[in-house]
Amino acid sequence: MPWRTHTVRNQPPPLHGLDLFSSNTPLLEATAREGGAWILDRAAQLGRLVGGEPMEWGRLANENKPQLKTHDRYGNRIDEVEFHPAWHRLMKLGVEHELHALPWRHPDQPGAHVARTALYMTAMQAEAGYACPITMTFAVIPALRAQPELLAEWQPYITSTSYDGELKPVAEKGSAIAGMAMTEKQGGSDVKANTTVAKAVGSGGPGEEYLLTGHKWFCSAPMSDLFLVLAQAEQGGLSCFLMPRILPDGSRNEFHIQRLKDKLGNHSNASSEIELHGAWARMVGEPGRGVPTIIEMVGHTRLDCVIGGAAGMRTGVVNATHHATYRSAFGKRLIEQPLMGNVLADLCVEAEAATALAMRLARAYDEAEAGDASAQQFKRLATAVGKYWVCKRAPNHAFESLECLGGNGYVEESGMPRLYREAPLASIWEGSGNVMSLDVLRAIAREQGSIEVFLDEVSQAEGADPRLDSHISKLKDELSNFDQIEARARRVVEAMALALQGSLLVRNAPPAVADAFCGSRLSEQRCLEYGTLPPSSDFEAIIERHRPHL
């Protein structure tokens, strides 16, 4: 028979048509537990949608990178970014499902941040790149609260559920996507070293007009309709500005894209260097208060880094457990092999711990919005802790998930290399590991009572597991000693993250998951590599809770 050698055996069926929300048991449970039960049906609908055609959109958007068009055919400067249609489909999906604005569109709905997190974590599994402009559009609203008249002007466009990717006036589009431009080549995270200058058109001050001149080393999502920009005001120092791409008269702002960054991953999304040649902008907040103003945006983007890290881990778990369910070696399915069972279960535990942390953080944002002072303190500290730890764990989680597929996982069409390349981004964006560790120390020093609120949260599981109790006790000792605290910052923040994750799992996860976490992360026998759960762990129960069922 011709082509007999091409009969396909011992390969898993395509992962297509999966409900990415309902199949994610830890996320489903956490959504209800943390106050978002009202979104469950809608999240399931989105899960079924994203598990279909949008998965292909993600592939196409990455394989067809955005292209910079600095000039038109006649030589006119246009500074436009051209995207594959798949990108615009992803953006339309995100905006129509309120990933960019749900809490601001439903401010009286309890659990709005939890609900958005459930939707966002689900939708990100199709592609992470488009989440960047979605996140910044979501996060710009809290920063604009520092300038109420600008908030009133822009919020209807920012929170609109229509999407238009063309560069034209927002009044004509009826919607707006937001970006940000903070970093400069000489400063990096040290934004106070920025040299971009802002010259007042008139008297200057909050809400007034300025002209910005300078070079931004990283401008995220340069195709956006508006940007928050940091620049040195002539009077006042480093300040925050709202800069539109299209001016009120319909002409284009003096915003010029020099090049798109050739990045390790995140290929579907455009990141750029820009030059501002007297670009028109308006001041947001008080002069010299640029960092405190924009930090309201940064706090919400850091939350999405945690959510995105958890979403990436879920993608790794889905692919690894699905492959191992159908693939056989040495007379057994991979999922039945004890050592592979250990690896898979360990990956599942890590993903569940990240999901539990992200959802608990989302509830803190809901409570803080409602005026809970303790929640505000917890949110401030736990966001920095979670951003550090979940994003640090994501790259090796992606690598280990890839390895579960063997050579098949190393091939681009498996999707695993894309997941692996994407994984380091969230650890760098909005604060590297060192920046986040120092931010935790800063929050502890400046936010009186924040560490007590944090320890009260983790101590809610006190007495349930001796390994967790011992870990919390050691953590308290670490936090009581400020000798060389900066050099020990990463160790301290890691211990805080593990205490919080352990407490959440002990209180809320099945015993098999909580026991495996405490035995592998909190005991004296802890190991750094995945696949080192205690042999007594119930691998089968853990994996069954996480693997997809087509």
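**Close-ups of a predicted model**

**View 1. Helices α3 and α4 cross in a left-handed way.** Left-handed here means that the near helix is turned anticlockwise from the far one by less than a right angle (clockwise would be right-handed). This is a predicted model, so local features need pLDDT of at least 70 and side-chain atom pairs count only at pLDDT 80 or more, while totals for chains, interfaces and linings use all residues. Residues are numbered from 1 along each chain as its sequence is written, and side-chain values use heavy atoms, with hydrogens and water left out. Among the residues making the contact (heavy atoms within 4.5 Å) are Trp 57 and Leu 60 of α3 and Trp 87 and Leu 90 of α4.

**View 2. Helices α18 and α19 also pack together.** Helix α18 (residues 466-480) and helix α19 (residues 489-508) have axes that come within 10 Å and cross at roughly 150°. So α18 and α19 are roughly antiparallel to each other. Their crossing is left-handed. Look for Leu 468, Ile 472 and Leu 475 of α18 and Val 492, Met 496 and Ala 499 of α19, which are among the contact residues.

**View 3. Leu 212 belongs to the largest nonpolar core.** That core has 180 residues (a nonpolar core is a set of buried Ala, Val, Leu, Ile, Met, Phe, Trp, Tyr and Cys residues joined through side-chain atoms within 4.5 Å). Leu 212, Leu 228, Phe 454 and Met 496 have the most contacts inside it. Helix α11 (residues 338-369) gives the largest share, 18 residues. Skipping residues up to four places away in sequence, Leu 212 touches Val 197, Phe 241 and Leu 276, among others.

**View 4. Pro 206 sits in a loop between two strands.** The strands are β4 (197-200) and β5 (209-220). Pro 206 is partly exposed, with a relative accessible area of 32% (buried is under 20%, exposed over 50%, partly exposed in between, with a 1.4 Å probe and protein chains only). The C-alpha atoms of Pro 206 and Glu 286 are separated by 5.5 Å, though the two residues are 80 apart along the chain.

Notes: Helices (H or I, at least four residues) and strands (E, at least two) are DSSP runs, numbered from the N terminus. Axes are lines fitted to C-alpha atoms, for helices over the stretch in contact, and angles run from 0 to 180 degrees between N-to-C directions. Angles under 35 degrees count as roughly parallel, over 145 as roughly antiparallel, 65 to 115 as roughly perpendicular and the rest as oblique.
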